[in-house]
Amino acid sequence: MKKTLYGIVILLCSIALLGGCLSTSNVKKSSGSDQAENELYAQVPERYRTPVEEAKADQLDAAERLNFADEKLKLAKLQKEMATKKEKLGNYQLKLAQMGHKEAIIGVELTQWEAIDKAGLGEKEKNIKTIYGLRTKKAKIETNRLDVKRDHDTLQLHIKQLAEQIKAQEETVATMGEVLEGAGASPPADPSEAPAGSDAGQQ
């Protein structure tokens, strides 16, 4: 049993070593292949290199266009995040307004019962219970409103910070677009910026 286990361990180690050797060999081959290619290309006469230089220029242009598209996507994601945050802020503002309205209604009812009690009208015990019940309701609304106001103000700060990010990203995209246009390469078309009346012209 021990001999069998020992044999399995040796076999696994051998496989691992063989895999490592093959991986190292592939890296060396790739590196050696690149070096050989560079050495051969260095011997190519200048008159045959024009297509290669053109291909390299195309590659650089494609890389710049890819980078530009990536930056535009980042901007779109930031703008989408802003829309989500603004919608959430609107919900907070609605909730605050609803709480304020409810608190105002209770305030009217509370002052009416306090006036009734001061005037010596109604049942005294009932007046006291009603007044303190309304005060408790009003206090709960005020506490909840403070919690919502805290979340509202925090989100408002995040929106301000995000707006600064969006502004910086817009400047980045605009600069990259100008560079591409200056280099004679039109930036990737934005479907949302299609000229007015283009659909009508196709019909």
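Predicted model: local features only at pLDDT ≥ 70, side-chain atom pairs only at ≥ 80, totals over all residues.
Lys-74 takes part in two salt bridges. One is with Asp-70, where the closest N and O atoms are 3.8 Å apart. The other is with Glu-71, at 3.4 Å between the closest N and O atoms. Shared partners join Asp-70, Glu-71 and Lys-74 into one network.

Asp-70 is partly exposed at 34%. Glu-71 has a relative accessible area of 12%, which is under 20%, so Glu-71 counts as buried.

What does Glu-71 touch beyond its sequence neighbours? Setting aside residues up to four places away, its contacts are Gln-169, Thr-172, Val-173 and Met-176. Glu-71 itself belongs to helix α2, which covers residues 50–118.

**Other charged pairs**

The count of salt bridges comes to 10. Among them is the pair Asp-151 and Arg-150, whose side chains meet at 3.2 Å, N to O. Asp-151 is partly exposed at 29% relative accessibility. Arg-150 is partly exposed as well, with a relative accessible area of 48%.

| Salt bridge | N to O distance |
|---|---|
| Asp-70 and Lys-74 | 3.8 Å |
| Glu-71 and Lys-74 | 3.4 Å |
| Asp-151 and Arg-150 | 3.2 Å |

**The chain as a whole**

The chain has 4 helices and 0 strands. From the N terminus on, its elements run α-α-α-α. Of its 203 residues, 16% count as buried. The accessible surface is about 15,800 Å², and carbon and sulfur atoms account for 58% of that area.

How far apart in sequence are the residues that meet? Among contacts between residues at least 6 apart in sequence, 77% join residues at least 24 apart.

**The nonpolar core**

The largest nonpolar core holds 21 residues. Those with the most contacts inside this core are Phe-68, Met-82, Val-148, Leu-155, Ile-159, Leu-162 and Ile-166. Helices α2 and α3 (124–182) each supply at least two residues of the core. Helix α3 gives the most, with 11 residues.

Apart from neighbours within four places in sequence, Met-82 is in contact with Ile-159, Leu-162, Ala-163 and Ile-166.

Leu-110 is placed in helix α2. Is Leu-110 buried or exposed? Its relative accessibility is 8%, so Leu-110 counts as buried. Leaving out neighbours within four places in sequence, Leu-110 contacts Ile-131, Leu-134, Arg-135 and Lys-138.

Leu-110 and Tyr-132 are 22 residues apart in sequence. In space, their C-alpha atoms are 8.8 Å apart.

How many aromatic pairs does the whole structure hold? The search finds 0.

Notes: Residues numbered from 1 in each chain as written. Heavy atoms only, no water. Buried < 20%, exposed > 50% of the residue type's maximum accessible area, 1.4 Å probe, protein only. Contact = heavy atoms within 4.5 Å. Phe/Tyr/Trp six-rings, centres within 6.5 Å; stacked < 30°, edge-to-face > 60°. Core = buried A, V, L, I, M, F, W, Y, C linked by side-chain atoms within 4.5 Å. Areas by Shrake-Rupley, 256 points an atom, 1.4 Å probe, with all protein chains shown as cover. Salt bridge = Lys/Arg side-chain N within 4 Å of Asp/Glu carboxyl O.
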